[in-house]
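Take a moment with the sequence and the fold. The paragraphs below walk through the structure step by step.

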Amino acid sequence: MTNLSHVVHTDSEALASAAARAAAELLSARIAAAGRATLSLTGGSVGIKTAAALAGETVDWDRVTIYFGDERFVAADHPERNDGQLDEALLDSLGDRPTVHRWPARTAREDDVDAAAARFLEALDVPDGEQPIFDVTILGMGPEGHVDSIFPHTPAVAETERLVVGVRDCPKPPPERLTFTLPAVRRSRHVLVIAAGEGKAEAVAEGLGGASPSDWPVAGAVGVESTTYHLDEGAASALD
Ligand SMILES: O=C(O)[C@H](O)[C@@H](O)[C@H](O)[C@H](O)COP(=O)(O)O
């Protein structure tokens, strides 16, 4: 039985609003049921738009823990960090209400991406066994199907054990990154894939069609309870 579905929106603005609304509703339902909820955010243009739309939603942010799906391994104040853009779009407006777990930054002392990944993993408060880590994971996607910093045919996509890895030689700059892996993403109750533009159409069709994650990493990004692709018309254009 598949839990994959997709929704097509008129444009990327409508897509971002709908994804934000869905994320807010899922977080609120989880807070009502369990007292707290965990959210994983994503960078990229649609990810930032969705985060900005989330700022307009009603969520009890005091009860939310936030992670970032991946991060560029650069200095803390580097403009390429995802979290700076997400701060501007969403987190600055929430103050210290949510608990926010940021990825380590590169410093003169810590310049080894694998050591940084290991340190982050060690501090990660992971529920026992196979319990979900994230209640809601929002994932932007590249045209070749990458999600987080999990690119096709790389050690990150082949990872079957570790929840977090350091990435070297990333096909998209900057070359060094930190990322949750597919085994971590799959410990999400709900995955929302957000993609806009015709350039994403093939990857969307491969992801929804159940391709090999090694070829199309998005295909391996499946939630425990639901996996919903929020698309604009271009990104949905290769679907039947
Ligand atoms: O780390 C990165 O290089 C980007 O953040 C990247 O992973 C992005 O999220 C996707 O490529 C989707 O980006 P768009 O929404 O801009 O298409």
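Does Asp-148 count as buried or exposed? This is a predicted model, and the answer is computed from its atoms. Asp-148 has 29 C-beta neighbours inside 10 Å, so Asp-148 counts as buried. The cut-off for buried is 20 or more. Asp-148 lies in the loop between strand E6 and helix H5 (155-158). Its backbone deserves a look too. The phi of Asp-148 is near 45°, a positive value in a residue other than glycine. Most residues other than glycine have a negative phi.

His-153 has a positive phi of about 55°, although it is not a glycine. The surroundings of His-153 are another matter. His-153 has 12 C-beta neighbours inside 10 Å, so it counts as exposed. The cut-off for exposed is 12 or fewer.

Now turn to the ligand. Which residues lie around it? They are Thr-42, Gly-43, Gly-44, Ser-45, Val-46, Gly-47, Asn-82, Gly-140, Met-141, Gly-142 and Lys-172. By class, this shell has two nonpolar, eight polar and one charged residues. The largest share of the shell, four residues, comes from helix H2 (residues 44-54).

Eight of its eleven residues are buried, so H2 is largely enclosed by the rest of the structure. The buried ones are Val-46, Gly-47, Ile-48, Lys-49, Thr-50, Ala-51, Ala-53 and Leu-54. What covers them? The cover includes helix H1, strand E2 (37-41) and helix H3 (82-94). Strands E6 (134-140) and E9 (188-195) are also part of that cover.

The largest nonpolar core has 69 residues. Those with the most contacts inside this core are Ala-23, Leu-192, Val-193 and Ala-195. The largest share of the core, eight residues, comes from H1 (residues 12-34). Take Val-193 as an example. Leaving aside residues up to four places away in sequence, Val-193 touches Leu-139, Met-141, Gly-207, Val-218, Ala-221 and Tyr-229. One of these, Met-141, is among the residues around the ligand.

Gly-207 is one of the buried residues of helix H7 (residues 201-208). What covers the buried part of H7 includes strand E1 (4-9), E9 and strand E10 (226-232). After H7 comes Gly-210, whose phi is positive, near 75°.

Next, look at a pair of strands. In a regular strand the side chains alternate between the two faces of the sheet. Strand E7 (residues 164-167) can be read in this way. Val-164 and Gly-166 point one way, and Val-165 and Val-167 point the other way. All four are buried. E7 pairs with strand E8 (residues 177-180) in the antiparallel sense, over four bridges. Gly-166 has Leu-178 of E8 as its bridge partner.

The loop between E7 and E8 contains Pro-174. A cis peptide bond joins Pro-173 and Pro-174, with omega about -5°. Most peptide bonds are trans.

One more region remains. His-101 lies in strand E5 (residues 99-101). How exposed is His-101? His-101 is partly exposed, because 15 other C-beta atoms lie within 10 Å. Its contacts are Ile-66 and Tyr-67, not counting residues up to four places away in sequence. His-101 and Gly-43 are 58 residues apart in sequence and 15 Å apart in space, C-alpha to C-alpha. Gly-43 is one of the residues around the ligand.

Ala-123 has its place in helix H4 (residues 113-123). With 9 C-beta neighbours inside 10 Å, Ala-123 counts as exposed.

Finally, step back to the annotation. An unreviewed UniProt entry lists residues 11-222 as "domain: Glucosamine/galactosamine-6-phosphate isomerase". Over residues 11-222 the chain is 35% helix and 18% strand. The end C-alpha atoms of this stretch are 24 Å apart.

Technical notes
Residues are numbered from 1 along each chain as its sequence is written. This is a predicted model: local features need pLDDT of at least 70, side-chain atom pairs count only at pLDDT 80 or more; totals for chains, interfaces and linings use all residues. Helices (H or I, at least four residues) and strands (E, at least two) are DSSP runs, numbered from the N terminus. Two residues are in contact if their C-beta atoms, placed from the backbone, lie within 7 Å. A nonpolar core is a set of buried Ala, Val, Leu, Ile, Met, Phe, Trp, Tyr and Cys residues joined through C-beta atoms within 7 Å. UniProt positions are given in the numbering used here, feature names are shortened, and annotations may be inferred rather than shown by experiment. A residue is near a molecule or strand if its C-beta atom, placed from the backbone, lies within 6 Å of it. Ala, Val, Leu, Ile, Met, Phe, Trp, Tyr, Cys and Pro count as nonpolar, Asp, Glu, Lys and Arg as charged, and the others, Gly among them, as polar. Two strands pair if DSSP finds at least two bridges between them.
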